[in-house]
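Thanks for making time this morning. I would like to walk you through one model, taking its charged side-chain pairs and then its strands.

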Amino acid sequence: MQEMQYRHDRTGEPVSILGFGCMRFARKGPRIDLEETERQILRAIELGVNYFDTAYIYPGSEDALGRILEKNGVRDKVRIATKLPQYLIKGAGAIDRYFEEQLQRLRTDHVDFYLMHMLTDIAAWEKLVALGIEDWIARKKESGQIGQIGFSFHGNTAMFKQVLAAYDWDFCQIQYNYLDETSQAGREGLHAAAERNIPVIIMEPLRGGTLATRLPSGAARAIADDAHGWTPAELALRWLWDQPQVTCVLSGMNSIEMLEENCRVASSCEAGSFGREELALVADVRERILAATKVGCTGCRYCQPCPVGIDIPALFSAWNMMATDGKAHARHVYLQTVGLQRDPAFASACVRCGTCESHCPQHIPIREKIQEADRALRPLPDRIAGAVGRWWALR
Ligand code: SF4
Ligand code: SF4
């Protein structure tokens with residue numbers, strides 16, 4: 001295998017172009033599979049990955065990462081990025097409390113890259129400024145407890161530029177992939193950051209896996225028929241690394257095979273190597289996906305829990321599956337995962353409180369879309385079959 005490639009942070013230190021996204025660690029039932037995760041983290045370090053991205057709200061993630069790094073004495077070989085859950089903060093004291101808890105979970109005395117998590121508009125940053133965050137950051141940087149300060153962003157391009165200009169950031173993190181070239185911060189936002197010499201970390205490079213394993217058949221066929229012989233994930237990753245403004249691409253890797261494959265691609269890509277043919281392939285695949293996809297849900301689950309129990313990502317995932325796996329299969333999956341539960345929460349139970357929409361980084365009009373999805377996934381015969389199935393199971 002060739003060697004990992006590195007781009008640079010604002011101080012000139014090397015950052016591996018592939019970062020380990022720690023939101024989706026391997027699981028054993030409801031818990032993180034610590035043994036398997038340890039194997040993967042150590043292998044990633046061996047292959048040159050030096051950027052590990054976690055967050056306060058990723059269940060068990062900071063703790064697992066901290067334990068594994070401490071146990072193996074490899075804390076100094078990696079750079080940890082974690083995030084302040086700014087949306088939970090009500091008073092100035094909470095900032096310190098979350099940060100101290102994060103240091104304890106991570107078993108470290110410093111965080112290399114600290115982000116304001118999920119800023120969606122300038123108001124969220126201004127709220128933090130009013131609580132004294134700028135002085136707080138200056139003190140933490142001065143003491144060495146924080147190396148570099150940034151923010152992760154889900155919002156529109158105009159708002160991204162406002163947040164970017166509001167502070168002297170060391171780096172930022174955006175959702176970016178070939179389906180989001182003109183949404184979220186978009187290519188325009190990426191370039192705006194580069195103009196300010198602000199390194200950009202990329203999240204959702206595969207749109208929650210859609211661009212790797214859930215492509216509509218026409219899009220998958222276009223990639224398979226292309227002479228490069230790339231996999232769908234490889235195309236999406238190469239498209240990102242082709243752009244020199246991209247510093248590091250996070251991938252939520254949870255198997256050794258996925259890790260080694262991503263490292264192989266990261267070792268062999270080159271900025272500026274996409275020509276007319278490669279860009280035409282991306283344009284063709286994008287068009288085919290957009291023609292088939294029902295809703296741009298990434299499965300992040302930020303909209304959960306819903307007060308009446310509607311599993312929104314499961315509903316949208318099944319709905320999108322209609323394009324990739326066919327109607328019958330999608331309906332069957334939905335029946336199995338939701339419809340046959342003892343007390344299933346269908347879209348009809350929605351009380352239109354709007355909580356889900358206020359948390360959705362993709363700005364999906366969830367209240368409206370869940371009704372459409374429900375109509376598509378549960379035509380009358382399926383409603384009857386579901387009711388009979390539940391009656392049979394519960395009798
Ligand atoms: S609007 Fe409907 S789906 Fe969204 S959180 Fe409220 S009840 Fe749940
Ligand atoms: S609906 Fe929005 S918040 Fe919920 S899982 Fe999908 S993208 Fe995430």
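Let me begin with a definition: I call a contact a salt bridge when a side-chain nitrogen of Lys or Arg lies within 4 Å of a carboxyl oxygen of Asp or Glu. Please keep in mind that this is a predicted model, in which local features need pLDDT of at least 70 and side-chain atom pairs count only at pLDDT 80 or more, whereas totals for chains, interfaces and linings use all residues. Residues are numbered from 1 along each chain as its sequence is written, chains are lettered from A and ligands numbered from 1 in the order in which they are written, and side-chain values use heavy atoms, with hydrogens and water left out.

Searching the whole structure gives 29 salt bridges, and one of them joins R105 to E62, with the closest N and O atoms 2.7 Å apart. Because R105 sits in helix 3 (residues 92-106) and E62 in helix 2 (residues 61-71), this pair ties together parts that are 43 residues apart in sequence; helices here are DSSP runs of H or I with at least four residues, strands are runs of E with at least two, and both are numbered from the N terminus. As for exposure, buried means under 20% relative accessible area, exposed means over 50%, and partly exposed is in between, using a 1.4 Å probe and protein chains only. By that scale R105 is partly exposed at 22%, while E62 is buried at 1%.

A second salt bridge brings together R75 and D112, at 2.8 Å from N to O. It, too, links distant parts of the chain, with R75 in the loop between helix 2 and strand 7 (79-84) and D112 in strand 8 (residues 111-119), 37 residues apart. Here R75 is buried at 12% relative accessible area, and D112 is likewise buried at 12%.

What separates K369 and E372 within helix 16? They are three residues apart in that helix (residues 366-377), which means about one helical turn, and their salt bridge has its closest N and O atoms 3.5 Å apart. K369 is buried at 19%, whereas E372 is partly exposed at 29%.

Turning to the strands, which I count as paired if DSSP finds at least two bridges between them, eight of them close into a barrel with parallel pairing, in the order 3-6-7-8-9-10-11-12. Within it, strand 11 (residues 200-203) pairs with strand 12 (residues 246-251) in the parallel sense over three bridges, and I201 has C248 in strand 12 as its bridge partner.
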